[in-house]
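Let's walk through this structure together, one chain at a time, and then look at where the chains meet. Please keep the viewer open as you read.

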Amino acid sequence: MSSGHVETQQPVHPAHPSMVTGRTFADVNRDVVRTLQFPGNLYFGWMSFVALTLAGGIFAWFMQIYYGMGMSGKRNPQMWAMYITTFVFWIGIGHAGTLISAILYLFRAKWRTSIYRSAEAMTIFAVMTAGLFPMIHLGRMWLPYWLIPYPNQRYLWPAFRSPLLWDVFAISTYFTISAVFFYVGLVPDIAALRDCATGLKRRIYAALALGWQGTDRQWRHYKAAYVFLAALATPLVISVHSVVSWDFAQSVVAGWHSTIFAPYFVAGAIHSGLAMVITLLIPLRRIYRLDAYITQQHLENLAKLIILTGLIVGYAYAVETYIAWYSNNVPEWQRFTYQVTGEYAIPFWIMILFNSLVPLLFFVKRIRTSTPWLLAIAILINIGMWMERFVIIVTGLAHEYDPYSWGPYYPRWVDISITLGSFAWFFLWFLLFIRFLPVISIVEVKEELPPPMRRQNGGE
Amino acid sequence: MAESKVASSFNGVVGSFRYLDSLLAAIEQLRQAGYRELQALSPVPHHAIEEAIEKPPSPVRYFTLAGCLLGAVTGLTLTIATSLYYPLITGGKPIVSIPPFLVIVFELTILLGGLLTLGGMLFNARLPKVNIGPAYNPRFSEDQFGLWVRCEQKDHETVVTMLRNAGAEEIVPAGQG
């Protein structure tokens, strides 16, 4: 056998050793396909629980549509209340998925490979959940198409100066680009599933795989498209939560009208999203026994990122406090003292504690490498981040300039059921995802492994 | 193997390799022998294959650029033209207020840039494809590498020998690679 190419050959091992070790290409296919087997009772138990909760949410929404917005706890001046809180929360959750799938890809952070698929799926489902809320929140929810920019019968177009319209553009672009990015990444993996499936499943996977064969021509254009999509998604994700923050910051409401809002919201979004990734990965890894792919090192890296975002969020809280005092602006300071000591003091202190103080525990290596601690802290951060949005929205609206327009907000069962239903809706999609699509990217994990070589396999 | 059943639409052969270095060797030898129309099939993209096959860089980037430019122009046109069409002053701000419009411009730049990137990838990779061809081996998405070589019927034997010498384990005639 003559093969004189070896001298010119590039090193085939990646510079950093892969975090997935001791697996061959065929092992990866087998291990990932294994997760798609018919699931056990635990899966159906969760599915039933999620479906029931969702049914409760749908029923509450139905009551709200039938009897009117008064069924919810929304009263003047609290017209945003829980729905927009939950909307902002879910949009934020999505951001960590794009951070892991696109930003870490551009930074060549190779450890992302085995977790990015689930994180990206989380993004899609979180945006799908968030997208419901502007509709739920509408008084006349049968007119959501008014959000689409088109002229009325007098040829008056929507105000492109309005942050609410920016939001429409930002969220729909974010959803579209995330879905495209997710799907492009899935195509070669679906082709791998197609190649080992039979019957109807095979036909569905074959249609979704678009006839992918893995030719060098396909890979060449695929890789080019993938890097550009990542490069487009990166500024997009930063812009989306900035635009969401401008829904608040562009108004004159004390406590909202602040230049720090955009970076503060983006950091908070990634903070909550990373916590959600950990919350999803730990059970996923346990149930499907994916410890070889989702290692403790992955979770530790996520925990380190949470330290960073937690510090930024903590810094933002400190700056807000400082500016409220230093600005010498009476409404600003009044609203701040109301926030800290008023009716919503408990959510406020939960927010401070869970978002900026508890994550500091991750500085301790024992804690950030312990699965129970990781899961517990991640859940606390999720709660804290929901509270943060609640505190921003509700205390802002409760204490505007004129005392006659002050008013608190108390959620009713409809608001609470719809919010819980949104979690159910999110988990429903996620459960369907882990049932039918590979939770780990087959291709990208294999890319990190040394390819099968005749010359180096001699010793094995 | 199936070598005896040479299809009437014969236009090449496909060899399957278990090892990446065997595939690279085959590509190099065939290229030296003057076979330029090669197509490698692999479970993962690999720069060594790309370098061995030597194709020009993907033109997808021009699609991305065109999409981004189109998006930016659409955004500017949409916001400026509709504002001028119905000049209604709100909040004492200019009719054409560029800074807020830039948000729309930015989002549309990304949106159309991303969509055209997808379109460019599908167009250049000739996807979607309805038939994946009889020469495709399901293990190409698992752990085997393939090499499709376009050749005349008369060169069939030579190519098969070269593939086999390079380490191909299974060689089948191909209709379309």
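Helices (H or I, at least four residues) and strands (E, at least two) are DSSP runs, numbered from the N terminus. This is a predicted model, in which local features need pLDDT of at least 70 and side-chain atom pairs count only at pLDDT 80 or more, while totals for chains, interfaces and linings use all residues. Residues are numbered from 1 along each chain as its sequence is written, and chains are lettered from A and ligands numbered from 1 in the order in which they are written.

Let's begin with chain A. Its secondary structure amounts to 15 helices and zero strands. Along the principal axes, the C-alpha atoms of chain A fill a box of roughly 90 × 50 × 45 Å. The radius of gyration is taken over C-alpha atoms, and the globule rule is 2.2 Å times the number of residues to the power 0.38. For 460 residues a compact globule would come out near 23 Å, so the 24 Å of chain A agrees.

Now for the helix packing. Two packed helices are described by the angle between their axes and the distance between the axes. Here axes are lines fitted to C-alpha atoms, for helices over the stretch in contact, and angles run from 0 to 180 degrees between N-to-C directions. Angles under 35 degrees count as roughly parallel, over 145 as roughly antiparallel, 65 to 115 as roughly perpendicular and the rest as oblique. A crossing is left-handed if the near helix is turned anticlockwise from the far one by less than a right angle, and right-handed if clockwise. Two residues are in contact if their C-beta atoms, placed from the backbone, lie within 7 Å. As for residue classes, Ala, Val, Leu, Ile, Met, Phe, Trp, Tyr, Cys and Pro count as nonpolar, Asp, Glu, Lys and Arg as charged, and the others, Gly among them, as polar.

Take helix H8 (residues 261–287) and helix H9 (residues 296–326) of chain A: their axes come within 9 Å and cross at roughly 150 degrees. That angle is why H8(A) is roughly antiparallel to H9(A). H8(A) passes H9(A) in a left-handed crossing. Among the residues that make the contact are Tyr264(A), His271(A) and Leu274(A) of H8(A), and Leu302(A), Thr309(A) and Val313(A) of H9(A). This contact of H8(A) with H9(A) has 15 nonpolar, four polar and no charged residues.

H9(A) also packs with helix H10 (residues 330–341) of chain A, at an angle of about 135 degrees and with the axes 8 Å apart. H9(A) is therefore oblique to H10(A), and the crossing is left-handed. Thr321(A), Ala324(A) and Trp325(A) in H9(A) meet Glu332(A), Trp333(A) and Phe336(A) in H10(A). By class, these are four nonpolar, one polar and one charged.

Elsewhere in chain A, the axes of helix H4 (residues 116–137) and helix H14 (residues 413–436) come within 9 Å and cross at roughly 150 degrees. H4(A) is therefore roughly antiparallel to H14(A), and H4(A) passes H14(A) in a right-handed crossing. Residues that meet here include Phe125(A) and Met128(A) in H4(A), and Trp425(A), Trp429(A) and Phe433(A) in H14(A). The contact of H4(A) with H14(A) divides into 13 nonpolar, two polar and no charged residues.

Next, the backbone. Most residues other than glycine have a negative phi, and most peptide bonds are trans. Leu210(A), although not a glycine, has a positive phi of about 60 degrees; Leu210(A) lies in the loop between helix H6 (199–209) and helix H7 (216–249) of chain A. Asn76(A) and Pro77(A) are joined by a cis peptide bond, with omega about 0 degrees. Pro77(A) sits in the loop between helix H2 (41–67) and helix H3 (81–106) of chain A.

Turn now to chain B, which has five helices and four strands. How does the radius of gyration of chain B, 25 Å, stand beside that of a compact globule? A compact globule of 177 residues would have a value near 16 Å. The C-alpha trace of chain B spans about 80 × 30 × 30 Å along its principal axes. Chain B is divided into domain 1 (2–56 + 133–174) and domain 2 (60–124), with bounds from an automatic or database domain assignment.

Finally, where the chains meet, 66 residues of chain B are in contact with 58 residues of chain A. The largest share of the side of chain B that touches chain A, 16 residues, comes from H4(B). By class, that side of chain B has 33 nonpolar, 21 polar and twelve charged residues.
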